[in-house]
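Biologist: Hi, could you walk me through this one while I have it open? I'll ask as I go along.

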Amino acid sequence: MAKYYTPQPTVTPASGFSAADDGMALRAAMKGFGTDEQAIIDILTKRSNIQRQQIAKFFTEEYGRDLIEDLKSELGGHFEDVILALVIPPADYLCKQLHKAMEGMGTDEHTLIEILCSKSNKEIKEIVDAYERLYDRPLAEHMCSETSGDFRRLLTLIVTEKQDDNRSPSSEYAVRMATQLHESGELKVGTDEEVFNRILAHESFPQLKLIFEEYKNVSGRTIEQALQAELSGELLEAMLAIVECVQSPPEFFAKRLHKVMAGGGTDDTTLIRIIVSRSEIDLGNIKQEFERLYDKTLESAVRNETSGDYKRALLALIGGP
């Protein structure tokens, strides 16, 4: 996790938690005729993921039932998507999203970029391990078959060669790397994408933060300006995502949330993924950034774009008025 902002989750572990009480209440909410959706929202949006795993365990041990299967049979639409996302372990959930982005015709590169370019090295490792466990094939291998060129190389480096997060960032090293980036881009006819790939995929976020600051000293322009001048397409989008997440993950996600709700129609899959996956990390900060950037609250934007139980579940995760 980045050291330069204090992450504010909107969902924290419930105090006085009892997996048995919650399990019985969920069973009651789904048993018999009709479903008590509000009870499901009240319980699952106010527990941490670890607590939800304990509820699911109680459900199996006490009733011999699978909580996820029961929820699936009772719920539908985007409301079901939110609730199931809450009950799945976080790394498994992101793996399912990556898999969905790559299976079938065409690949959803935006999803690959959002998930893989925003993660610390430790988080990437959890995703890589979970992917192989869930799909019995390495994530890198699946991505190689779905992407191409320098974009493929960048993503492959991210999932195979990340640097240790615990190594202290070095200013001296930052100057050396910034100089290498400058020499491979602006000072060269054509761009040596390999150097950009290696540095942006390999270094930890705190180290990259220093490299980007030094880049401005070395070249007189920001790293964003340099990337925009040198690169294009998915590679540019991925590298800018890394730069934004190094500088401010909340701003990166706030912009992405705005984008998926702007214009006609909403990209519900992405909306759900960001709100659920950041709720226990920094959704509080993302809310602040959203309001700062767009002069309206995230709650009001979500309220306008969603309805029914789906809306109630998302608003419960976002918290606030």
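Modeller: Happy to! One term to start: buried means under 20% relative accessible area, exposed over 50%, and partly exposed in between, with a 1.4 Å probe and protein chains only. This is a predicted model, where local features need pLDDT of at least 70, side-chain atom pairs count only at pLDDT 80 or more, and totals for chains, interfaces and linings use all residues. Residues are numbered from 1 along each chain as its sequence is written, and side-chain values use heavy atoms, with hydrogens and water left out.

Biologist: Thanks! So is Asn-285 buried or exposed?

Modeller: Asn-285 counts as buried, because its relative accessibility is 8%. You'll find Asn-285 in helix H18, residues 283-294 (helices are DSSP runs of H or I, at least four residues, numbered from the N terminus).

Biologist: And what is Asn-285 in contact with?

Modeller: Neighbours within four places in sequence aside, Asn-285 is in contact with Tyr-5, Thr-6, Pro-7, Gln-8 and Pro-250. Contact means heavy atoms within 4.5 Å.

Biologist: New topic: how is the protein divided into domains?

Modeller: There is domain 1 (19-75), domain 2 (91-160), domain 3 (171-247) and domain 4 (249-318). Those bounds come from an automatic or database domain assignment.

Biologist: How many residues are in contact between domain 2 and domain 4?

Modeller: 11 residues of domain 2 are in contact with 12 residues of domain 4. Within domain 2, Tyr-93, Glu-114 and Ser-118 lose the most area to domain 4, together 54% of what that side buries. Between them the two domains bury about 830 Å², 50% of it on carbon and sulfur atoms; buried area is the accessible area (1.4 Å probe) that two parts lose on being put together, summed over both.

Biologist: How many salt bridges between domain 2 and domain 4?

Modeller: The count is 2, where a salt bridge is a side-chain nitrogen of Lys or Arg within 4 Å of a carboxyl oxygen of Asp or Glu. Glu-114 also meets Arg-273 in a salt bridge, 2.8 Å from N to O.

Biologist: Last one: where is Thr-35 found?

Modeller: Thr-35 is in the loop between helix H1 (19-30) and helix H2 (37-44). Thr-35 is buried, as its relative accessible area is 18%.

Biologist: Which residues is Thr-35 in contact with, beyond its neighbours within four places in sequence?

Modeller: Those are Ala-29, Met-30, Ile-40, Glu-74 and Leu-75.

Notes:
Helices (H or I, at least four residues) and strands (E, at least two) are DSSP runs, numbered from the N terminus.
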